[in-house]
Each structure stands twice: as C-alpha cells, then as structure tokens.
Amino acid sequence: MTYPDDPSPSLPAGQEALFAAAAAEYDRYRPGVPAEAAQLLADTVRDLPDPTLLDLGTGTGQVPRALLKALPTLAYIEGVDWSRPMLDQARAALTPLLGDCTLNLVQTSADVYAPLAPLPGEDRWTPDLITCCRAYHWMSGPDVLAMAHRIAAPQATLAIMGDGSLWTYEADWTRALRDLIQGYLGPRRRAGVLGDYLEPVRPFQEDLADSAWSEATEHRVPVTRSWTPEGVLGYLRTTSFAGAELFGERHAAFEDEARALLNELAASGSLLEEAVFTVLLARRPGDAR
C-alpha cells in the first residue's frame, strides 16, 4: 500500500501553508471516509466501555466525523494536525456531532506528538484506536509508529488509510485533466510550495512489519464517486498538485480552461471515479484483546 494521494496534512514547522489556505474548501470538496471503512474502525473498539480515538493528520476531522456516526459510544477524540485553519474547520464540523464525546485538538506534527494531559482519573491517556488517513506519507512513518507504540492502550489498534487522488486515478477524463495541469505547471507532480512530490520510499506494510505494529491486515473498500465539473475544480484547489498558489496570476485562466474541458467530458459521459479505499489495521503481537 503506497497510495500517493493528497492528504490532510501533518507537516513540519513552516510548511502549514501547503493546505491551510484551502481548509474550508477541503472540508467541502474532499471525499469523506466510506461508511464501510468507518465500520471496520468501529468494530475494533466496539466492545470497550468508553473507547478513545487519536487521529493523526486529522485535517478537517473526516475520520472522527465518520467514526462518531459508526460508534455512538465513542468517549474521547484527540485530533492532531499542524494546520490551525484545518483544526478550526474540524472543530466547527465536529462540535455539533459530539454529544457526550469529548474533543481535544492539538496543533503539532504527528512525528513529535505527545499527549498533553491524561483524562480525568487516569495517570496517562492511552488511546484505544490510532488512525492516520491520507496523511501517513507526509510523516516520518517510523517515528509515528514508535510514538504510537509508546502511548497506545494494551489492546489498541492502529489504522493507516487512503485511496489515491485524481492525479493517480487512471481514466480518460483524469488523463485529460492531468495533461492540462502539466501544461501549466510542468510534467512533474508538484507538492505545493515544497517542490516536486516524492513517492513513498517503500510500502506502508513494510514500515508496519519493521515496527511494534507488525500484526497487520489489509481491507479494500470499493468506492464509486460521480464528480461534477465544479466539484473537481473545488477539489483541485485543495490539492498540493493543483492548488491555486501554484498557478499565480494564471489560476483564473487555468480554471476557465479546466471548466470547459470538464463540461465537455461530462457531456459525453459521467466523470466517474472507481476508487479503492484501503485500510491497514495493525496490532502488536501478544497485545491483550
């Protein structure tokens, strides 16, 4: 599993602008976590009396949002992200859904995260479920896995999830769109203001196999998405490979040309994406169940 998607960020200091300017559009245009994937997560902690979640690279809170629907007994959520605008958007989206669940949002990099305080009545907080959705490849994976091992509850599950992007999805309409982007920005995939995108060095499964979280299973959830031209344009504004800042003064011209292209493609057929949302569920051998 080495999906080079375009995730919610958890970035080193000085780089939060990569996604921060698009926080509201990210919340509106990015696909959420499929219900079947949320059910997989919920099932890992369903038998616990007051399950807790640590979501790394939480972005606008898509994982907690999906899990709150699938697991009404969720008691505590800690979301970690480098971007303050993303966290503000997450709080606005999650607060109406919380009920009796407590939410804490921490602005830091997942690579160096440490729990700020224990829950009431506990010596330290030990999350039952640790998730990372569309974000792991922006992080120092081994450091994140080691941190998760230090703080997780004995029976904890760790989940790494993702599903690619419209840059990586192969279809006639996405190839035409990618060609247009490359005509403006050059042939290499961009990573926002950071330069060119670098593929993951190795599959995420290998990171897990070399960590304490070596007992891993892969679950593949098929997802069909039907895009509108305006939905695609909104999505592109949130990405590191086609965000507005990359085009400078040419962004309006790009959007006009992309809108015309997408309208033409939509008129001759649907802008369909047949994606696969992959969930790696990992435990530590010998952990209590």
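A search of the whole structure, which is a predicted model, finds 0 disulfides, a disulfide being a pair of cysteine sulfur atoms within 2.5 Å. In general terms, a disulfide is a covalent bond between the sulfur atoms of two cysteines. The closest cysteine sulfur to that of Cys 132 is in Cys 133, at 7.8 Å, which is too far for a bond. Cys 132 is buried at a relative accessible area of 4%, and Cys 133 is buried at 6%, where buried means under 20% relative accessible area, exposed means over 50%, and partly exposed lies in between, with a 1.4 Å probe and protein chains only.

Residues are numbered from 1 along each chain as its sequence is written, and side-chain values use heavy atoms, with hydrogens and water left out. Because the model is predicted, local features need pLDDT of at least 70 and side-chain atom pairs count only at pLDDT 80 or more, whereas totals for chains, interfaces and linings use all residues.

**Overall architecture**

The protein chain has 11 helices and 7 strands; helices (H or I, at least four residues) and strands (E, at least two) are DSSP runs, numbered from the N terminus. Of its 289 residues, 56% count as buried. Among the contacts in the protein chain with a separation of 6 or more, 83% are accounted for by residues 24 or more positions apart, a contact meaning heavy atoms within 4.5 Å.

**Helix packing**

Two packed helices are described by the angle between their axes and the distance between the axes. Here the axes are lines fitted to C-alpha atoms, for helices over the stretch in contact, and the angles run from 0 to 180 degrees between N-to-C directions.

Helix α3 (residues 35-45) packs against helix α4 (residues 62-70) at an angle of about 70°, with their axes 9 Å apart. This makes α3 roughly perpendicular to α4, on a scale where angles under 35 degrees count as roughly parallel, over 145 as roughly antiparallel, 65 to 115 as roughly perpendicular and the rest as oblique. The contact is made by Ala 38, Gln 39, Leu 41 and Ala 42 of α3, together with Val 63, Ala 66, Leu 67 and Ala 70 of α4. The crossing of α3 and α4 is right-handed; a crossing is right-handed if the near helix is turned clockwise from the far one by less than a right angle, and left-handed if anticlockwise.

For α7 and α11, the axes come within 11 Å and cross at roughly 165°, and the two helices are therefore roughly antiparallel to each other. The crossing in which α7 passes α11 is right-handed. From α7, the contact involves Trp 173, Ala 176, Leu 177, Leu 180, Ile 181 and Tyr 184, and from α11 it involves Ala 253, Phe 254, Glu 257, Ala 258, Leu 261, Leu 262 and Leu 265.

**Helix α9 and its surroundings**

Helix α9 (residues 229-237) is largely enclosed by the rest of the structure, because 8 of its 9 residues are buried. The buried residues of α9 are Pro 229, Gly 231, Val 232, Leu 233, Gly 234, Tyr 235, Leu 236 and Arg 237. These buried residues pack against α2 (23-29), α7 (172-185), β6, α10 (244-247), α11 (251-267) and β7 (271-283).

His 251 lies in helix α11. Leaving aside neighbours within four places in sequence, His 251 is in contact with Arg 237 and Ala 244.

**Individual buried sites**

| Residue | Relative accessible area |
|---|---|
| Arg 134 | 5% |
| Leu 105 | 10% |
| His 251 | 14% |
| Ser 211 | 19% |

Arg 134 is placed in the loop between β4 (129-133) and α6 (141-151), and has a positive phi of about 55° although it is not a glycine. Leu 105 lies in strand β3 (residues 102-107) and, not counting residues up to four places away in sequence, touches Gly 79, Leu 87, Ala 90 and Arg 91. Leu 105 and Arg 91 are 14 residues apart in sequence, and their C-alpha atoms are 7.8 Å apart in space. Ser 211 is found in the loop between α8 (204-209) and β6 (215-227), where the side chain of Ser 211 reaches the backbone nitrogen of Trp 213 at 2.9 Å.

Conventions
Polar contact = N/O pair within 3.5 Å; in protein donor to acceptor, adjacent residues only side chain to side chain.
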